[in-house]
Amino acid sequence: MNRLSTSELLNLIEQEIPRERILDSLANRYSYSFDASFGEYLPDIIVQAATKEEVSFLLKLANEHQFPVYPRGTATSLSGGSLAVHGGVMLDISQFEKKLIVDQENLLAIVSPSVITSEIHEAAESVGLFYPPDPSSSHVSTIGGNISENSSGPKGLKYGTTKEYVIGLEVVTPTGEIIRTGGKTVKNVTGYDLTRLIVGSEGTLGVITEAIIRLIPKPADRKTLLASFDSVINSGKAITNILASGILPSAMELMDNACIVAVENYMPSGLPTEAAAIIIIEVDGHKAAIQEEIDKCAEVCERFNATSVKVAKNEQERERIWRSRRMVSPAITQLGPTKISEDATVPRSKIPEMMERLGEIREKYKLNLVVFGHAGDGNLHPNILTDIRNVEEMKRVEDAVSEIFEAAIELGGTLSGEHGIGLLKAPYMSLELGENGLLMMKKIKEAWDPNNILNPGKIFPEEGQKKVVLI
């Protein structure tokens with residue numbers, strides 16, 4: 001079937017969707033051509049859907065006329081998850097009709113995909129409840145995007161990832177059917193668990209139009225500690241020994257020296273710029289229990305030669321510590337025009353070894369490689385600051401990224417802890433899954449999306465796609 005011209009496609013879409021929510025100017029197309037990664041692809045048309053019926057109409061039209069559709073929230077993806085790699089229609093879900101209902105009695109929230117994640121945190125906490133997943137982009141990212149990428153943030157260590165909190169979904173399938181999965185009950189073993197299949201599927205198996213998420217009682221109190229070390233390896237050993245001691249913090253974050261210095265230059269927070277690494281530890285729960293736990297954490301840090309250990313005395317000091325962690329990503333962006341953000345994840349016991357391997361890769365390829373991340377669950381974020389215009393350096397970046405993934409897999413880890421696979425990690429999928437494992441995933445995609453119209457080019461490598469960087 002011949003592909004429709006843009007004008008023909010516009011005429012068809014206008015049958016059901018108001019013209020003011022269909023964008024086709026070059027300026028608008030460029031505005032939707034990028035996300036938080038560094039790829040850039042022009043969509044042909046942008047459709048700002050407001051209802052599930054409009055999404056269904058568009059996907060049925062796409063199957064009939066064979067054009068690709070790319071779902072997008074607020075485009076905070078770090079793996080190129082929402083890039084329109086084959087043109088076609090960008091489906092903007094951020095303008096979807098907003099719904100945020102907190103069901104206090106059943107410890108649930110019912111939300112539309114356009115709700116900003118931090119709005120859920122605020123609504124839950126206003127009635128004494130708690131939604132643990134908190135990616136660093138939660139103040140700008142939509143819940144639909146977080147669910148699609150299974151983005152979780154620092155509290156995944158104690159409370160688990162987003163998939164543990166999504167218990168029901170309304171989804172428009174790639175062929176345009178509107179279905180519901182799961183429901184409002186915590187226990188639900190009726191047939192296949194389609195809810196968990198869709199969570200983390202990166203918009204390749206359906207467009208989420210509503211979600212039912214589980215909430216929990218808000219912890220009574222919390223305490224936060226910041227420890228500095230003159231050795232990155234010692235900081236990693238402190239982390240693994242705290243976990244081995246029986247304490248389960250709500251969060252354990254790590255920043256290496258380059259991150260510390262970048263944050264202090266960007267927004268001074270009183271961090272020790274001479275430290276090789278700092279770790280931030282937070283415990284929550286009953287007041288009496290958490291005092292004992294934070295004291296034990298401090299003791300373990302000192303045993304592994306921490307040069308300084310400070311416990312926040314009040315909420316203002318605690319917020320200052322966490323603000324410094326939130327500032328890492330924007331701060332290191334100042335170090336180079338191109339930021340390659342990875343999130344290779346290893347078992348907790350392998351954190352010190354992975355840190356060593358990252359140091360070796362940095363020296364081998366002579367790159368500006370900085371490390372931070374959710375060290376308590378092994379989810380490290382090696383970031384390479386470079387310049388995509390420098391072809392020779394980008395070749396070294398490609399090789400370094402390959403070695404980062406290889407190191408993570410060799411240590412029993414995974415390609416991604418929360419950023420997703422998207423476009424940038426697709427060539428490495430068989431490294432972790434093997435060819436047969438990848439084939440089974442492809443069969444699921446083909447069954448749900450026989451015409452490959454929904455977010456094509458993501459998760460699965462396309463023919464000739466070899467490297468993660470030069471795309």
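The questions and answers below concern local features of a predicted model.

Reader: How are helix α13 and helix α14 oriented relative to each other, roughly parallel or roughly antiparallel?

Author: Helix α13 covers residues 351-365 and helix α14 covers residues 391-410. Their axes come within 10 Å and cross at roughly 160°. Angles over 145 degrees count as roughly antiparallel. The two helices α13 and α14 are therefore roughly antiparallel.

Reader: What is the hand of the crossing in which α13 passes α14?

Author: Two packed helices are described by the angle between their axes and the distance between the axes. For α13 and α14 the axes cross at roughly 160°, and the crossing is right-handed.

Reader: Is Q66 buried, partly exposed or exposed?

Author: Q66 is found in the loop between α3 (52-65) and β3 (69-72). Its phi is near 60°, a positive value in a residue other than glycine. Most residues other than glycine have a negative phi. With a relative accessibility of 36%, Q66 counts as partly exposed.

Reader: I459 also has a positive phi; is I459 buried or exposed?

Author: I459 is found in the segment after α15 (429-448). Its phi is about 70°, although I459 is not a glycine. The relative accessible area of I459 is 9%, and buried means under 20%, so I459 is buried.

Reader: Which residues is G378 in contact with, leaving aside its neighbours within four places in sequence?

Author: G378 lies in the loop between β17 (368-374) and β18 (379-386). It is buried, with a relative accessible area of 0%. The C-alpha atoms of G378 and G413 are separated by 8.5 Å, the two residues being 35 residues apart along the chain. With the sequence neighbours within four places left aside, the contacts of G378 are A344, T345, V346, R348 and I351.

Reader: How many disulfides does a search of the whole structure find?

Author: A disulfide needs a pair of cysteine sulfur atoms within 2.5 Å. For C297, the nearest cysteine sulfur is that of C301, 6.8 Å away, and C297 is in no disulfide. C301 is likewise in no disulfide, its nearest cysteine sulfur being that of C297. The search of the whole structure finds 0 disulfides.

Reader: Is C297 buried or exposed?

Author: Buried means under 20% relative accessible area. C297 has a relative accessibility of 0%, so C297 counts as buried.

How values were computed
Residues are numbered from 1 along each chain as its sequence is written. This is a predicted model: local features need pLDDT of at least 70, side-chain atom pairs count only at pLDDT 80 or more; totals for chains, interfaces and linings use all residues. Side-chain values use heavy atoms; hydrogens and water are left out. Axes are lines fitted to C-alpha atoms, for helices over the stretch in contact, and angles run from 0 to 180 degrees between N-to-C directions. Helices (H or I, at least four residues) and strands (E, at least two) are DSSP runs, numbered from the N terminus. Angles under 35 degrees count as roughly parallel, over 145 as roughly antiparallel, 65 to 115 as roughly perpendicular and the rest as oblique. A crossing is left-handed if the near helix is turned anticlockwise from the far one by less than a right angle, and right-handed if clockwise. Buried means under 20% relative accessible area, exposed over 50%, partly exposed in between (1.4 Å probe, protein chains only). Contact means heavy atoms within 4.5 Å.
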